[in-house]
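Hi,

Here is the structure I said I'd pass along.

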Amino acid sequence: MNAVVGSHDLLLVTLDTLRYDVAVELAAAGRLPNLARHLPDGAWEKRHAPGSFTYASHQAIFAGFLPTPASPGPHPRLFAARFEGSESTAGSTFVHDTPDLLSGLAGVGYRTVCVGGVGFFNRRPPLGSVLPGMFQESHWEPEFGVASPTSFEAQVTRAAQVVAELPRDQLLFLFVNVSALHQPNWFHLPGATAEAGDSRETHAAALEYVDRHIGLLFAAASSRRRCFAIVCSDHGTAYGDDGYTGHRLGHEAVWTVPYAHFFLDPGASR
């Protein structure tokens with residue numbers, strides 16, 4: 001990352017609540033054409049989430065603790081605050097002397113921008129201001145939230161506007177928290193009803209909806225220079241697995257998440 005930070009724009013997309021098993025099944029079945037063509041070997045990497053719900057996981061991610069590979073470590077990290085005794089900081093790690101990645105990147109010339117999705121990014125209660133308040137610039141509208149059937153389209157439109165308005169020489173760290181996977185998601189599956197509620201199938205339909213529009217986000221993020229992108233889930237969610245529903249609980253469906261990072265070349269994602 002020492003060769004990437006300072007020369008590339010950076011994109012971090014968290015697909016909020018996306019389950020690993022659903023992501024893998026859809027990619028293998030050819031139902032995620034726009035995402036799959038960027039995934040290394042067309043497949044998601046299996047990782048463990050740093051938290052079991054949005055707030056905890058993003059606090060960790062913004063400190064450089066991305067989801068951890070689901071294999072024995074230690075695993076060198078891409079980003080890390082300087083910390084004595086860290087076993088996951090390697091020679092290739094981008095190390096900063098600030099307490100979080102956002103201020104570390106700002107310190108080396110990046111404009112840090114958040115396009116929020118779920119309630120922890122809506123700035124309505126004080127708690128909803130903590131995470132977006134870590135960025136130099138943040139955006140949230142009701143159209144970006146979990147109740148909107150067109151949330152991701154609205155988020156992508158705003159992200160593209162942000163990129164277009166930046167001076168061309170301004171480095172960018174763009175973060176998008178995608179709310180479409182989060183409950184309620186029943187409206188993404190044709191024929192589903194609010195009365196029937198959300199299910200693993202409606203969750204999958206929401207991911208297909210995101211895939212239909214994510215190419216526009218990739219195109220915007222790489223429109224000015226080469227971009228390094230990270231796309232992952234912050235945690236999964238349960239739909240009756242072993243009797244569990246939701247997240248903020250210690251179940252395999254919650255702790256196991258899909259992850260990928262890759263480069264986006266200018267013009268390659270349209």
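Below is what turned up, starting with the sheet and working through the helices and the cores. Keep in mind that this is a predicted model.

**The sheet**

There's an open sheet of eight strands with mixed pairing, and the order reads β3-β2-β12-β9-β1-β8-β6-β7. The edges are β3 (68-69) and β7 (137-139); each has a single partner strand, so one side of each has no neighbour in the sheet. At the β7 end, β6 and β7 run parallel and are joined by three bridges.

α1 packs on it through β2 (45-48) and β12, with its direction at about 50° to that of β12. α7 packs on it too, touching β1, β8, β9 and β12, and its direction makes about 160° with that of β1.

**The helix pair**

How do α6 and α7 sit relative to each other? Their axes come within 9 Å and cross at roughly 0°, so the two helices are roughly parallel. On the α6 side the contact uses S151, F152, E153, V156, A159, A160 and V163, while α7 brings in Y209, V210, H213, I214, L216, L217 and A220. By type, that contact splits into eleven nonpolar residues, two polar and one charged.

**The cores**

The largest nonpolar core has 43 residues, and the members touching the most others are L11, L15, W44, L174, V178, V210 and L217. Elements that each put in at least two residues include β1 (9-15), α6 (151-165), β8 (171-178) and α7 (200-221). α7 gives the largest share, with nine residues.

**One asparagine**

Is N177 buried or exposed? N177 belongs to strand β8, and it is buried, with a relative accessible area of 0%. Setting aside neighbours within four places in sequence, its contacts are T14, D16, H58, V115, G116, G117, V118, F121 and Q155.

That's everything from me for now.

Cheers

Definitions and conventions: Residues numbered from 1 in each chain as written. Predicted model: local features only at pLDDT ≥ 70, side-chain atom pairs only at ≥ 80, totals over all residues. Heavy atoms only, no water. Core = buried A, V, L, I, M, F, W, Y, C linked by side-chain atoms within 4.5 Å. Buried < 20%, exposed > 50% of the residue type's maximum accessible area, 1.4 Å probe, protein only. Helix = DSSP H or I, 4+ residues; strand = E, 2+ residues; numbered from the N terminus. Contact = heavy atoms within 4.5 Å. Axes fitted to C-alpha atoms, helices over the stretch in contact; angles between N-to-C directions. Parallel < 35°, antiparallel > 145°, perpendicular 65-115°, else oblique. Nonpolar A, V, L, I, M, F, W, Y, C, P; charged D, E, K, R; others polar. Pairing = 2+ DSSP bridges.
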